[in-house]
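Biologist: I would like to go through the terms used for this model and see what each one rests on. Please set each value against its definition.

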Amino acid sequence: MLTSKLSAAAVSSSSSTLFLRSNFAKKINSIVNPSLCNSVRPIVGWSCSNKSSTRRKMDSSASSRVVSPRASAQQLQDPDQLIDSVETFIFDCDGVIWKGDKLIDGVPETLDMLRSKGKRLVFVTNNSTKSRKQYGKKFESLGLDVSEEEIFASSFAAAAYLKSIDFPKDKKVYVVGEEGIQIELELAGFQYIGGPVDGEKKIELKPGFLMEHDEEVGAVVVGFDRYFNYYKIQYATLCIRENPGCLFIATNRDAVTHLTDAQEWAGGGSMVGAVRGSTQREPLVVGKPSTFMMDYLANEFNISKSQICMVGDRLDTDILFGQNGGCKTLLVLSGVTSLPMLQNPENAIQPDFYTNKISDFLSLKAATV
Ligand SMILES: [Mg+2]
């Protein structure tokens, strides 16, 4: 049910508490010390306000959970044991299911095998440039039978978060990001302004120039944005600093992304960092490794998190996301993390298991028959 009632513990600088005055902002039930925040820790703690006893309580302790060194990850030897121990697999997409526009070997057969065993499959991505429906088309174009309801992109998470706090429909959302966020906001019934169209706007400074902004903006959502510019930074800053109660929501804080396979490119964290710098506010993060999406999924499907295995190719987002949620974790080496990176003594994030690619679920089984 999309209208699951979640509530958030906002991470905010002390100055921002001045803005938490409106009705919807009152739903934010605690302020967490921003000094706890960094790129590899969850920066938002969530608790469940749903009184229904049939729904599982959400884990509100994630915000204060500190990643402690774990035993080194084990190489996956017995996939059946892992498969039998959980009811749901959450897959990251890029580097796990596909690389760019190319499907990774053996993925369709592996997903079919897991479905035949009755496992629930969910696909989660921090990429906010597409909506769930657009992601559905990407799966389809790669020959994968995945429904929209099984896809959780951070664009959807931003809209789901606003719904969870009963963000007023007469308020507006200012979007720093691409089409995916706009589509999801529209589907959820929220009014928005900004987005790619503001990428064409320029500021011409003249003496005494004052930039106007819409005082009805009650939230700014910042995601990856190839049309990012100074106009958007200033507009977002004015909304967050001057509109009482205005929320600052980030789809993710990824330092880098992989627009091409030739190099790493500045990720969504660079846009979020610019607005954080000018507002001195910490964002509410709805994507990985924050536990919002995990809590949402567990609540939505009524799944115990101990019955979930998170499969991903990144340690500081995917594996941390799984660990913050209390799930089992499997790192695949088919994406951005290599075995030397995993085994580097400075790396404190150790998944439960690692393997080369998800089709090892099949080949390892065949090897043990
Ligand atoms: Mg990935």
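Biologist: Why is α4 called largely enclosed by the rest of the structure?

Modeller: Ten of the eleven residues of α4 are buried, so the helix counts as largely enclosed by the rest of the structure. A residue is buried if 20 or more other C-beta atoms lie within 10 Å of its own, exposed if 12 or fewer, and partly exposed in between, with C-beta atoms placed from the backbone. Among the buried residues of α4 are S154, F156, Y161 and S164. This is a predicted model: local features need pLDDT of at least 70, side-chain atom pairs count only at pLDDT 80 or more, and totals for chains, interfaces and linings use all residues. Residues are numbered from 1 along each chain as its sequence is written.

Biologist: What makes Q134 partly exposed?

Modeller: Q134 has 16 other C-beta atoms within 10 Å, and is therefore partly exposed. Q134 lies in helix α3, residues 132-141. Helices (H or I, at least four residues) and strands (E, at least two) are DSSP runs, numbered from the N terminus. By that count the protein has eleven helices and 19 strands.

Biologist: How do you know that α4 packs on the sheet? Which sheet has parallel pairing and seven strands?

Modeller: The sheet is an open one, in the order β4-β19-β18-β17-β5-β8-β9, with parallel pairing. Its edge strands are β4 (74-75) and β9 (151-153), each pairing on one side only. Helix α4 (residues 154-164) packs on this sheet, touching β8 (120-125) and β9. Two residues are in contact if their C-beta atoms, placed from the backbone, lie within 7 Å. The direction of α4 makes about 80° with that of β9.

Biologist: What makes β4 and β19 a pair?

Modeller: Two strands pair if DSSP finds at least two bridges between them. Two bridges join β4 to strand β19 (residues 353-355), and the strands run parallel. That count meets the cut-off, so they pair. Within this pair, Q75 stands opposite Y354 in β19.

Biologist: How are the axes of α4 and α5 placed, and how is their crossing described?

Modeller: The axes come within 8 Å and cross at roughly 35°. Axes are lines fitted to C-alpha atoms, for helices over the stretch in contact, and angles run from 0 to 180 degrees between N-to-C directions. The crossing is right-handed. A crossing is right-handed if the near helix is turned clockwise from the far one by less than a right angle, and left-handed if anticlockwise. At the contact, S155, F156, A158 and A159 in α4 meet G180, I181, E184, L185 and L187 in α5.

Biologist: Which strands does β10 pair with in the parallel sense, and over how many bridges?

Modeller: Four bridges join β10 to strand β11 (residues 191-194), and five join β10 to strand β12 (residues 217-222). Y174 stands opposite I193 in β11. From β10 the chain crosses through helix α5 (residues 179-187) to β11, and this β-α-β crossover is right-handed. A crossover is right-handed if, with the strands pointing away from the viewer, the path from the first strand over the helix to the second runs clockwise. On the β12 side, V176 stands opposite V222.

Biologist: What makes β10 mostly covered?

Modeller: Five of the five residues of β10 (residues 172-176) are buried. K172, Y174 and V176 point one way, and V173 and V175 the other way. In a regular strand the side chains alternate between the two faces of the sheet.

Biologist: How do you know that β12 and β13 belong to a right-handed unit?

Modeller: β12, helix α6 (residues 230-242) and β13 make a right-handed β-α-β unit. Four bridges join β12 to β13, which run parallel, and V221 has I249 as its bridge partner in β13. In β13 (residues 247-250), L247 and I249 point one way and F248 and A250 the other, and all are buried.

Biologist: What is in the largest nonpolar core?

Modeller: The core has 83 residues, and F152, V220, I249 and V311 have the most contacts inside it. The largest share, seven residues, comes from α4. A nonpolar core is a set of buried Ala, Val, Leu, Ile, Met, Phe, Trp, Tyr and Cys residues joined through C-beta atoms within 7 Å. For the protein as a whole, 47% of its 369 residues count as buried.
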